[in-house]
Amino acid sequence: MVAPGCLHSVGPHPVPTTPGPATQERTLRQRTAAHVILLLLATTFFAGTAGTASAQEDRSEGIRGTLTNEVDDEDVPVAGVEIAVVDADGAAIGDVTSGEDGSFSLDLPGPGEYTATLDVETLPEGIGLRDEDRASLTFSLTPGQNRPLNFFFGEDTRQRASTTDRVLQLTVEGIKLGLIIAITSVGLSLIYGTTGLTNFAHGELVTFGGLVAWYLNFQVGIPLVWAGLLAIAIGGGASGLLDRGLWRPLRKRGTGLIAMLVVSIGLSLLLRYLFLYQFGGRTRPFAEFGRQRQVDFLGLGLVGITPKDMVSIGLSVVVLVVVALLVTRTRMGKAMRAVADNPDLAASSGIDVQRVILLVWVVGGALAAFGGILVGLGEEVSWQMGFQLLLLMFAGITLGGLGTAFGALVGGFVIGLFINLSTLVVPTELKNVGALLVLAVVLLVRPQGILGRAERVG
Amino acid sequence: MDWGAIIENGLRAAFGLEAAYFALAAIGLNVHFGYTGLLNFGQAGFLAIGAYGMGISVTHFGTSLWVGILVSILAAVVFALLLGLPTLRLRADYLAIVTIASAEIVRLVFRSARFQPVTGGSAGLQNFAGEFYRINPYSPGRYRLEAIYNGALGPFDVVRGLLALALLWIVVDRLAPGRLPGSRRSPQAAAGEGREVIGVREMVLLVIAALILVAGLTPVSFTQNRMWILTVGWGLVVITSLLVFLLMRSPWGRVLKSIREDEDAARSLGKNVVSYKMQSLIFGGVIGSLGGLVFVIGNQSIQPDNFGTPITFFAYAALILGGTARVFGPIVGSMIFWALLSVAENGLQQARGAGYISNDLLTATQVGQLRFMLVGAGLMALMIFRPQGIFGNRREIDLSVRR
């Protein structure tokens, strides 16, 4: 979803000798597991799978690989696909067709620069390249190198849906993402409003929620609904502890805001790699609600949506309405807004500012954890899912107006929608770029954001 | 455990390519953050622009390497203008958000499959540094940091000896102000600082002096190509530091520092604050792009994912460790930062190999992750307990007075 498009095209790792095709696959799996950190994002964020490299001892230069397509978590070989290789001058060197087991290998005349092109026309029906721009891979061979080539498959996108259908589909996706950004950034915005802290570690609260829910659900075996509720409570509690244990003492010491910002960056780095250390670099799904078929939304035949996405959107709306009511209608919400507006004035009117700030952290952390669970439900859970969301959250709250609760809602929603709709024009892997550019333009035109008050901020 | 190898690798890291690269990145950040108070969290973007400006010119447009380097510098200037225009009029944290976002944009665009013919996509660019190594003055072979190891004194030993002497002189001068001939420190001024007998600074200086001497006894050596890029890299570090030193003593530098201390006061004295900030952003960004150039020419390869956001945070850690708003801060910070990382990583790997730490507790890949955790924890601890780093002046770095 928010993962930047990062295809691991040409495997750079050396390949040891392995005997027999039966054991090859297994050793490769183990090796892949061991190299998870190397491949990091590359192997993880995609539902379809890479053509993994088959290993063989060969002293001469060449390319090899196995074309597989992931169907229901199982790798199905893709046979009969032609791959043509040309050299740096464009002269044809040779071509090869993938066998019954999807494997292919081709000897090349020597070290140098080559381009391998997969003939899309020879793909079986229903299978397409995940990224059409990656039909051609350019690579260089060193002497004696037998290079693995990976092509990534996914659903066939050759039969493009009509523009209207795509707009509707992307709108639904955008609403889902926008709601997630809105939910997670309420805390970020309120924390900024009440304490002035630009919390770069907020993404890690999102990841924390997702990981705790995954652990309770997958490892302990609690149903996701209860695991989710528990994770939200734990996320809120951990966030509150962070305020009591770290940020409140720092505020007491009179640590500057910029110093605290740098501290939050250190904390983000520490937590993120702690997650990686504990959880590993793979993305993992929850035990329930794995792959669902899309059902027709409202029976109109316009938009397909999975039931879990429908539930996720519904829940998000309910939560956001509750948050909005809490902030506007309750005494505590009023106190929050008062502190965000002017902490000194709030303190002098008898509001316990530290308590309000603690509450903001707890609520913000709980909402972030909820967002993390939604991300895990829509995609899968990973160690840096929150960090990837962080810049979008910043874009959202800047757009909406820094420090206001409603600004975060509106801005996050708009950013999510914009990101998905922008894929109509820009390549999917660059969709976040558009959102970040919008951020820059907003700062130029209306620096206080949509809902922010016009005031001198320079 | 092979302590000799651990120390040797630590020393190699302190003088190696990464240390020179991060020193340049941190010198640029020092101009931004240390002297002007600009929160630039997109230094990785400047590094990437420096690397790709040259790489694309050479590999795609077939220009010579030197033209490519000029393109890199120009591209860094343009990038600074693009970053600065929307944000320099706004509050400091807006710049932080926009710069970190821009650095990500730059990386995503460079690694995008759409521009693969130009940027090489996620595989990056290679084969551009030939011209640089063709003028390598070092003849083939391995070069040690010194000659004591070979039983004869060489030019490196003289340089090392002088460096160690200079450090010792500084320490003695700090501990007994005004006693040494030519000392500019007066005992009264030192008393006014109320310093402890021997502080962190003095201890670090002594350790560095000792290590510089010890380097002569270890077999740390580099190939002729590495030696050549290291000479150029550290040469650039010295030149840019000298430039920063002179500029910060000039009226121009004083305006930058006054903006850091109180923007409104500087404005009320008729200074065009936005223009000065922009000049600072460009100056520091160009220094950063030089760092990117040194790194990719040294590696002879450009990988887009080498320029992720953690790189900026590493550079900040190195800068704050050494001491912000100090000319030597980023240099010493970067050397110590990489030496510490290397010692930590090698120490853990060796402890694993020797069986002190079981494989269940810590796998080989997890050692690398532990490294990032250490940087994060170190950055927090530094900022909380010693924001001035090793050499900084706490009063000058006291960020709480800003805003």
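Two strands are taken to pair if DSSP finds at least two bridges between them. Strands (E, at least two residues) and helices (H or I, at least four residues) are DSSP runs, numbered from the N terminus. The structure is a predicted model, in which local features need pLDDT of at least 70 and side-chain atom pairs count only at pLDDT 80 or more, while totals for chains, interfaces and linings use all residues. Residues are numbered from 1 along each chain as its sequence is written, and chains are lettered from A and ligands numbered from 1 in the order in which they are written.

In chain A, four strands form an open antiparallel sheet in the order 5-4-7-9. Strand 5 (92-97) and strand 9 of chain A stand at the edges; each has a single partner strand, so one side of each is left without a neighbour in the sheet. On average, neighbouring strands of this sheet are turned by 25 degrees against each other, direction ignored. The axes behind this angle are lines fitted to C-alpha atoms.

Strand 4 (residues 82-87) of chain A pairs with strand 5 of chain A over five bridges, in the antiparallel sense, and Ile83(A) stands opposite Val96(A) of strand 5. Five bridges also link strand 4 of chain A to strand 7 (residues 112-118) of chain A, again antiparallel; here Val86(A) faces Thr115(A) of strand 7. Strand 7 and strand 9 of chain A run antiparallel and are joined by six bridges, with Tyr114(A) opposite Phe139(A) of strand 9.

Between the chains, the contact takes 48 residues from chain A and 49 residues from chain B, two residues being in contact if their C-beta atoms, placed from the backbone, lie within 7 Å. On the chain A side, at least two residues each come from strand 9 (136-141), helix 7 (257-279), helix 12 (385-400) and helix 14 (431-445). Helix 7 of chain A gives the largest share, 15 residues.

Chain B has 18 helices and four strands. Of its 403 residues, 47% count as buried, that is, with 20 or more other C-beta atoms within 10 Å of their own. Helix 17 (residues 364-385) of chain B has 22 residues and reaches 31 Å from its first C-alpha to its last, close to the 32 Å expected from 1.5 Å times one less than the number of residues. Its buried residues include Phe372(B), Val375(B) and Leu379(B). The buried residues of helix 17 of chain B pack against helix 7 of chain A together with helix 15 (309-322) of chain B.

Key. A residue is buried if 20 or more other C-beta atoms lie within 10 Å of its own, exposed if 12 or fewer, and partly exposed in between; C-beta atoms are placed from the backbone. Axes are lines fitted to C-alpha atoms, for helices over the stretch in contact, and angles run from 0 to 180 degrees between N-to-C directions.
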